[in-house]
Amino acid sequence: MADEKGKLYLCATPIGNLGDVSARCLEVLRSVDLIAAEDTRRTLQLLNHFGITKALTSYHEHNKRTKGEYIIKLLNEGKNVAQVSDAGTPAISDPGEDLVRLCIENGIEVTSVPGPVAGITALILSGLPAGRYAFEGFLSVNKRHRRAHLDSLKNDRHTLIFYEAPHKLRTTLEDMRSVFGGSRRIAMARELTKLHEEIIRTTLDGAVSYYEEKTPRGEYVLVIEGASEEEETEENTDILLSVREHVDKLIESGLTQKDAIKAAAAERGVSKRDVYNEYHREVENDEL
Ligand code: SAM
């Protein structure tokens, strides 16, 4: 039917080893009308390798608003579109989620062609509990935001998964050690599915000293053991403090007042506004 809408296919592509592309992914890339790629040059290499000739358009963080509208227009006209990121699964620390939302809002069908995800690949190789995990993506480059993010996870029992670039690895490991403690176990997974794949299983103390000697190379996933039952209980003692005492304690540990309020709110399971108001009420009362 001429008025039928097209479909968006979220296609996972290899995170290193081209052999990991699925037969269905290749079939979809061959059959769609257009491929929306995070980096068209990179996707062209994949297509060339498999002898696929197809129209490509770029869809990335910086053009996602205008390009998103264009892609929706094509889908509304009945065209089928595949979305691919540079590597791995779209929408996982990559563009994709906005396009999915737009499709849902416009009544366009979305389906996925599942495949590699670096975080899950690292988790299953880490040797750490895989039953309950939290995917945390990239930490902010801003020191304070990074610290507040880590602080909010200090007492989290889930195994934690982070993505990291090699040039930021040392700083990140040091920050993690100062928040989680040196004895927390970590698996550093690099170059997954590639020739030089390596999983370094150690503690945060061990990780920091390992990279004092060596230069970090390649792409990393950091998988960190969750908090122990005792550490989780420690949190309960913090939330027994008054809001002011709690926020002041976090400020003493190096956070700004704003980040301390944010972290205290996360630990207490209440809104930032509530902590902010209560904190200032207590400060004013003490000054009377
Ligand atoms: N969408 C991707 C996925 O499904 O995993 C993630 C994209 S994110 C922009 C890129 C980050 O993923 C890298 O900085 C690194 O942390 C991780 N990554 C991707 N490929 C990897 C690999 N082969 N080995 C280790 N980490 C990898």
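Predicted model: local features only at pLDDT ≥ 70, side-chain atom pairs only at ≥ 80, totals over all residues.
**Entry 1: who comes nearest.** Which of the 20 residues around the ligand come nearest? I found Thr 89, Ile 92, Asp 94, Tyr 163 and Tyr 220.

**Entry 2: strands in the shell.** I then checked the strands. At least two residues of the shell come from β7 (159-164), and β10 (220-224) likewise supplies at least two.

**Entry 3: polar backbone atoms.** I went through some distances next. A polar backbone atom of Thr 89 is 2.8 Å from an oxygen atom of the ligand. For Glu 164, I read 3.3 Å between a polar backbone atom and a ligand oxygen. With Leu 192, the ligand atom is a nitrogen, and a backbone N or O atom lies 2.9 Å from it. I also looked up the cover: on its own the ligand has 580 Å² of accessible area, and the protein covers 91% of that.

**Entry 4: the pocket.** Where does the ligand sit? I see it in the largest pocket.

**Entry 5: the domains.** I listed the parts of the protein: domain 1 (7-116), domain 2 (119-228) and domain 3 (241-287). Why does the ligand lie between domain 1 and domain 2? I can say so because both of these domains give residues to the shell around it. Last, I looked up how far apart the centres of domain 1 and domain 3 are, and over C-alpha atoms the separation is 44 Å.

Definitions and conventions
Residues numbered from 1 in each chain as written. Heavy atoms only, no water. Near = heavy atom within 4 Å. Polar contact = N/O pair within 3.5 Å; in protein donor to acceptor, adjacent residues only side chain to side chain. Areas by Shrake-Rupley, 256 points an atom, 1.4 Å probe, with all protein chains shown as cover. 1 Å grid on protein atoms, 1.4 Å probe; cavity = no way out; pocket = protein on both sides within 12 Å on 5 of 7 lines; lining within 4 Å. Sits in = over half its atoms within 2 Å of the grid points. Helix = DSSP H or I, 4+ residues; strand = E, 2+ residues; numbered from the N terminus. Domains from an automatic or database assignment.
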